[in-house]
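Please walk through the charged side-chain pairs of this protein. The explanation follows the structure below.

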Amino acid sequence: MPEEFMPGTVWLVGAGPGDPDLLTRKAERLLRQAEIIFYDALVGEAILALAPQAKLVSVGKRSGRHSKEQATIDELIVTAALAGRRVLRLKGGDPSIFGRSAEELTACTAHGVPVKICPGITAASAAAASGLTSLTLRGQARQLTFLTAHVRGDEPLDLDWKKLASSDATLAIYMGRDAAAAISRNLIAAGRDPATPVMVAVNVSQPNERLLRGRLDALSFLVRTIGRDDPTLLLIGEAVAPNTAKICETSYYVLASALAYKS
């Protein structure tokens with residue numbers, strides 16, 4: 001059987017949403033073999049502790065504050081691999097969902113460095129699990145769209161709002177806290193029902209996880225209590241309506257809805 005992690009190889013590994021128990025078995029195995037790990041800001045200490053043998057290098061980005069530019073990260077990864085190290089690039093969630101894996105894959109390939117991907121559980125899946133809800137719903141949510149609300153500087157959030165406003169779609173919006181008001185306003189203007197259920201998931205799968213539920217027209221209210229550095233995911237659509245079995249956790253839904261009706 002060929003060695004899984006050869007010297008001079010790069011693995012792009014998904015760390016999942018944060019809970020070490022949600023790592024894949026393969027991800028944990030690779031962590032224990034790595035010689036150097038370049039990790040994102042959202043990767044917690046409990047996961048990094050699984051690789052005591054590795055040199056740890058933070059290359060994280062939080063709310064526009066970059067410890068390293070992407071070109072620098074690419075160079076660090078390639079240089080370490082060309083030096084014969086077992087290089088692991090550890091990313092929150094899944095590397096292929098808003099993880100900028102394309103740039104790192106391209107850099108490795110351009111320098112002849114073998115590179116592979118180990119997928120991880122993305123935040124949307126973990127949030128749905130925590131909320132005992134679904135991302136799809138027979139007869140009501142036939143589409144699931146992943147999108148990011150992150151833009152550069154003062155660029156407008158330029159999305160196909162008409163398409164996104166479809167009533168049979170669930171939207172999973174990453175990095176959406178700052179754009180919550182614009183998302184709500186544009187979706188409603190494009191025809192989405194103001195009463196569409198939303199769930200705001202904060203610090204998904206972590207001990208300090210919060211799930212805030214409400215209506216689309218109250219989305220900006222729901223995010224007001226969220227800290228700037230708290231990883232936030234917005235789920236929008238009929239599929240994420242509160243489960244009656246979890247009614248004790250839906251006080252935010254009631255409050256947000258009441259405020260929306262008064263506005």
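Predicted model: local features only at pLDDT ≥ 70, side-chain atom pairs only at ≥ 80, totals over all residues.

Asp 217 is partly exposed at 25% relative accessibility, a class that lies between buried (under 20% relative accessible area) and exposed (over 50%), using a 1.4 Å probe and protein chains only.

Residues are numbered from 1 along each chain as its sequence is written, and side-chain values use heavy atoms, with hydrogens and water left out.

Across the whole structure, 11 salt bridges are found. One of them joins Arg 86 and Glu 35, at 3.8 Å from N to O. Arg 86 sits in the loop between helix 3 (70–82) and strand 6 (87–91), and Glu 35 in the loop between helix 1 (25–33) and strand 2 (36–39), so the pair ties together parts 51 residues apart in sequence. Helices (H or I, at least four residues) and strands (E, at least two) are DSSP runs numbered from the N terminus. Arg 86 is buried at 18% relative accessibility, whereas Glu 35 is partly exposed at 29%.

A further salt bridge pairs Arg 89 with Glu 104, their closest N and O atoms being 3.2 Å apart. Arg 89 belongs to strand 6 and Glu 104 to helix 4 (residues 101–110), 15 residues apart. Arg 89 is buried at 1% relative accessible area, and Glu 104 is buried at 1%. Both belong to a network of salt bridges that also includes Asp 40 and Lys 91.

Technical notes:
Salt bridge = Lys/Arg side-chain N within 4 Å of Asp/Glu carboxyl O.
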